[in-house]
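Colleague: I would like to learn how to read a model of this kind step by step. Could you take me through it, giving the general idea before each case?

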Amino acid sequence: MYEFLAGPMFILSLCVFFVGLLVRAIWYVRGLHWQMDRVAYGMYPGPGIKGAARSIGYWLLPFGTYGWRAQPFMTVAFFLLHLGAVLIPLFLLGHTLVLKAATGIALPAMPARIADFLSWAAVIGIAMLALRRIALPEVRILTSAYDYFILLVTAAPFITGLVARYHAGDYAFWLSLHMFFGEVLLILAPFTKLSHIILFFMSRAQIGMDYGIKRGGINGKGMAW
Ligand code: HEM
Ligand code: HEM
């Protein structure tokens, strides 16, 4: 089971993940409508790229935007989850070893203490996000079973990874289950709202370019379009 999950199934999940997200990014750009969106992105690349980088940068900075500052609980929960969600899959020692064995690609590994800290932080972040969906009426009204499903799919590799790591159960069983859930997450990402892993950058770039070029950008205020 280990060999299957660390070999062909692992490669297949990585392919679905990267090709799938690339297709989502291409669809995003192709879906932009020059009349409805008044697309000017190609015309002024300089201010456009500056506006895009600015928007992405501030949203990746804790409390960097008005949106983050207006909702401190959400901001803390978000960054607790996302630091681990981005760094653990890439730089956990166990992960770098599996990746090297399967593909030959060698990534640097983070110290075990930091990995443990980020993993627990992510689990706490997910619990906070679930609580927020239950506690706040304005979020609850927008929440469906699908949102909890996405939180579960995200939590599963973290929880099973931690059980395996602390040898809290039968190690071989929990490690296999962990690899399975990690691969489920990779495979589902392009087909669910986990595609925000790439689409976050696309939509922030689009809005940032809009502001850099049109709304208050090079032409100041009051531009006809
Ligand atoms: C993409 C989602 C994934 C997440 C979020 C994730 C998360 C984790 C976490 C939290 C741990 C324990 C970290 C610690 O405190 O030391 C772990 C361990 C591990 N994971 Fe993953 N994982 C993912 C995918 C995978 C995949 C796809 C594989 C292999 C095919 C894999 C193989 C391993 C191995 C070998 C360990 C080490 C277990 C040990 O310490 O003995 N993981 N993972
Ligand atoms: C660089 C990569 C990523 C970026 C920039 C990013 C950004 C975001 C943003 C902006 C949100 C929306 C927050 C809101 O509702 O205002 C979000 C939500 C979420 N992200 Fe990510 N994300 C990334 C990677 C990931 C990964 C790898 C995972 C899973 C392992 C993940 C899991 C989630 C989940 C579960 C939510 C929904 C939280 C909820 O239900 O409220 N993200 N992300």
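Colleague: What does the secondary structure of the protein chain come to?

Modeller: One begins by listing the elements, and here, in what is a predicted model, the protein chain has 11 helices and zero strands, so that reading along the sequence gives the pattern α-α-α-α-α-α-α-α-α-α-α. The C-alpha atoms fill a box of roughly 65 × 40 × 35 Å along the principal axes, and buried residues account for 23% of the 225 residues in the chain. Among contacts between residues at least 6 apart in sequence, 69% join residues at least 24 apart.

Colleague: How should I read the packing of two helices, and at what angle do the axes of helix 9 and helix 10 cross?

Modeller: The crossing angle is read between N-to-C directions, and over 145 degrees it counts as roughly antiparallel. The axes of helix 9 (residues 145-165) and helix 10 (residues 171-188) come within 8 Å and cross at roughly 155 degrees, which means that helix 9 is roughly antiparallel to helix 10. The crossing in which helix 9 passes helix 10 is left-handed.

Colleague: Which residues of helix 9 and helix 10 meet there?

Modeller: On the side of helix 9 they include Val153, Ala156, Pro157 and Gly161, and on the side of helix 10 they include Trp174, Leu175, Phe181 and Gly182. By class, the residues of this contact divide into 13 nonpolar, five polar and no charged.

Colleague: And how do helix 2 and helix 11 pack, at what angle and with their axes how far apart?

Modeller: An angle under 35 degrees counts as roughly parallel. Helix 2 (residues 8-31) and helix 11 pack at about 25 degrees with their axes 9 Å apart, and therefore helix 2 is roughly parallel to helix 11. Helix 2 passes helix 11 in a right-handed crossing, with Leu21, Arg24, Ala25 and Tyr28 of helix 2 making the contact with Ile197, Ile198, Leu199 and Met202 of helix 11. The residues of that contact divide into seven nonpolar, no polar and one charged.

Colleague: Turning to the ligands, how many residues surround ligand 1, and which are the closest?

Modeller: For a ligand, one asks which residues surround it and which elements supply them. Ligand 1 is surrounded by 26 residues, of which Gly94, Ser119, Pro157, Gly161 and Gly182 are the closest. Among the elements that give two or more residues to this shell are helix 5 (72-91), helix 7 (112-135) and helix 9, while helix 10 gives the most, with seven residues. The shell divides into 17 nonpolar, six polar and three charged residues.

Colleague: Which residues come nearest to ligand 2?

Modeller: Of the 13 residues around ligand 2, the nearest are Ala85, Leu129, Thr154, Ile197 and Phe200, and the elements giving two or more residues to the shell are helix 5, helix 9 and helix 11 (196-213). By class, this shell has nine nonpolar, three polar and one charged residues.

Technical notes: Residues numbered from 1 in each chain as written. Chains lettered and ligands numbered in written order. Predicted model: local features only at pLDDT ≥ 70, side-chain atom pairs only at ≥ 80, totals over all residues. Axes fitted to C-alpha atoms, helices over the stretch in contact; angles between N-to-C directions. Helix = DSSP H or I, 4+ residues; strand = E, 2+ residues; numbered from the N terminus. Parallel < 35°, antiparallel > 145°, perpendicular 65-115°, else oblique. Left-handed = near helix turned anticlockwise from the far one by under 90°. Contact = placed C-beta atoms within 7 Å. Nonpolar A, V, L, I, M, F, W, Y, C, P; charged D, E, K, R; others polar. Near = placed C-beta within 6 Å. Buried ≥ 20, exposed ≤ 12 C-beta atoms within 10 Å, placed from the backbone.
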